[in-house]
Amino acid sequence: MRRSSSAGRPAAGGRAPQQRAGGAEQLGFEGMPERLFVCTPSKLGAYADCPRRYRYSYVDRPAPPKGPPWAHNSLGASVHTALKNWYALPADRRRPEALATLLKGTWVREGYRDDEQERAAYRRALGWLEAYVETLEPEADPLGVERVVAVKTAVLAFNGRADRIDSRPGPDGQELVIVDYKTGRTGLDTDDARGSQALALYAYAAERVFRRPCRRVELHHLPTGTVAGHDHTVESLARQLTRAEETARDIMAAERAVADGGDADEAFPVAPGPRCGWCDYRRHCPTGAQTPGKEPWAAVDRPTDG
């Protein structure tokens with residue numbers, strides 16, 4: 001990022017010192033292309049949700065300490081890793097009875113209210129997994145499991161880790177499908193799949209990495225056993241990519257403003273709302289601190305636990 005100063009006027013040959021946030025100087029050349037914005041879906045999503053949260057996560061150094069771990073994140077991570085390890089088994093061992101051992105081996109214990117709630121969450125998660133793998137063909141290997149896909153555009157250097165990439169027959173040969181596992185309590189529909197920028201970017205990148213069409217994206221909601229899917233077009237993927245590039249330009253402009261001595265609070269304004277109660281940085285944000293914080297276990301709490 002550039003920082004203007006009285007010492008930063010171009011010298012002979014058009015070269016001027018430039019500053020990155022944090023003070024590291026680099027040499028810039030007139031006419032050089034702008035740097036690409038390196039990003040993941042979570043990085044873009046953080047800014048879209050709340051620029052202030054993005055600043056705390058990616059700009060401020062040292063970053064403010066986060067709050068305690070969330071039980072719903074622990075639950076989701078446990079389920080995702082168990083499914084990854086299920087696919088790592090030989091096909092003849094991919095049976096529902098293997099899941100208890102896999103889930104125990106991947107179980108993340110952080111964030112729960114107590115042992116009773118944790119045990120109830122484990123039982124629910126195991127039930128979700130057992131029901132879900134019954135819908136799968138054990139001998140069918142996806143093209144990728146927890147596969148990183150990456151792509152560069154004129155603005156972005158994007159990379160992300162897709163939960164699963166399937167290869168399925170299409171009208172013109174094999175086509176790729178992006179599968180994303182969800183463990184939240186709320187069900188999902190086709191609007192969620194169509195509107196997901198992350199899924200669209202995965203599809204755009206996967207098509208270029210594997211050189212096969214990738215237009216289908218699916219959200220697999222394990223608690224309800226439902227699948228919400230959407231079939232993108234070239235145009236709809238391009239619209240999602242344009243949105244991501246516009247977000248990246250906004251972020252880079254805000255980072256440059258801070259590097260040039262601007263007010264960080266103005267460059268990265270807060271976006272108050274219900275999410276504030278769940279924010280990792282709520283205690284450090286004057287606006288967010290006015291919202292009552294959620295307990296770390298609130299999203300997995302149920303009256304019938306235990």
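**Figure 1. Helices H7 and H8 cross with their axes within 9 Å.** In this predicted model, helix H7 covers residues 197–210 and helix H8 covers residues 234–259, and their axes cross at roughly 110°. Because of this angle, H7 is roughly perpendicular to H8. The crossing of H7 past H8 is left-handed. On the H7 side, the residues that meet H8 are Gln 197, Ala 200, Leu 201, Ala 203 and Tyr 204. They face Leu 237, Gln 240, Leu 241, Arg 243 and Ala 244 of H8. Sorted by class, this contact of H7 with H8 has seven nonpolar residues, two polar residues and one charged residue.

**Figure 2. The largest nonpolar core has 39 residues.** Which members touch the most other members of this core? They are Phe 37, Tyr 54, Leu 156, Ile 165, Ile 178 and Ala 206. Helix H7 supplies the largest share of the core, with nine residues. Another core, of 28 residues, lies apart from this one and includes Tyr 132, Leu 136, Val 177 and Tyr 181. In soluble globular proteins, nonpolar side chains tend to be buried together.

**Figure 3. Tyr 54 has contacts with residues from several parts of the sequence, including Phe 37, Val 59 and Phe 268.** Neighbours within four places in sequence are left aside here. In the chain as a whole, residues 24 or more positions apart account for 64% of the contacts with a separation of 6 or more.

**Figure 4. Helices H1 and H2 pack with their axes 5 Å apart.** H1 spans residues 41–49, H2 spans residues 51–59, and the angle between them is about 135°. That angle makes H1 oblique to H2. H1 contributes Ser 42, Lys 43, Gly 45, Ala 46, Tyr 47 and Asp 49 to the contact, while H2 contributes Pro 51, Arg 53, Tyr 54 and Tyr 58. Five residues of this contact of H1 with H2 are nonpolar, two are polar and three are charged.

**Figure 5. Ala 98 sits in the loop between helices H3 and H4.** Helix H3 covers residues 71–88, and helix H4 covers residues 99–106. Is Ala 98 buried or exposed? Ala 98 is buried, because its relative accessible area is 18% and the cut-off for buried is under 20%. Beyond its neighbours within four places in sequence, Ala 98 is in contact with Leu 89 and Arg 93. From C-alpha to C-alpha, Ala 98 lies 7.9 Å from Trp 86, and the two are twelve residues apart in sequence. Across the protein chain of 306 residues, 42% are buried.

**Figure 6. The backbone has a cis peptide bond from Arg 61 to Pro 62.** The omega angle of this bond is near 0°. Pro 62 belongs to the loop between H2 and H3. Most residues other than glycine have a negative phi, and most peptide bonds are trans.

**Figure 7. Glu 146 and Arg 211 have a positive phi.** Neither residue is a glycine. For Glu 146, phi is about 50°, and this residue is in strand S4, which runs over residues 144–152. For Arg 211, phi is about 55°. Arg 211 lies in the loop between H7 and strand S7 (214–221). Arg 211 is exposed, with a relative accessible area of 75%. The protein chain as a whole has nine helices and eight strands.

Methods. Residues numbered from 1 in each chain as written. Predicted model: local features only at pLDDT ≥ 70, side-chain atom pairs only at ≥ 80, totals over all residues. Heavy atoms only, no water. Axes fitted to C-alpha atoms, helices over the stretch in contact; angles between N-to-C directions. Helix = DSSP H or I, 4+ residues; strand = E, 2+ residues; numbered from the N terminus. Parallel < 35°, antiparallel > 145°, perpendicular 65-115°, else oblique. Left-handed = near helix turned anticlockwise from the far one by under 90°. Contact = heavy atoms within 4.5 Å. Nonpolar A, V, L, I, M, F, W, Y, C, P; charged D, E, K, R; others polar. Core = buried A, V, L, I, M, F, W, Y, C linked by side-chain atoms within 4.5 Å. Buried < 20%, exposed > 50% of the residue type's maximum accessible area, 1.4 Å probe, protein only.
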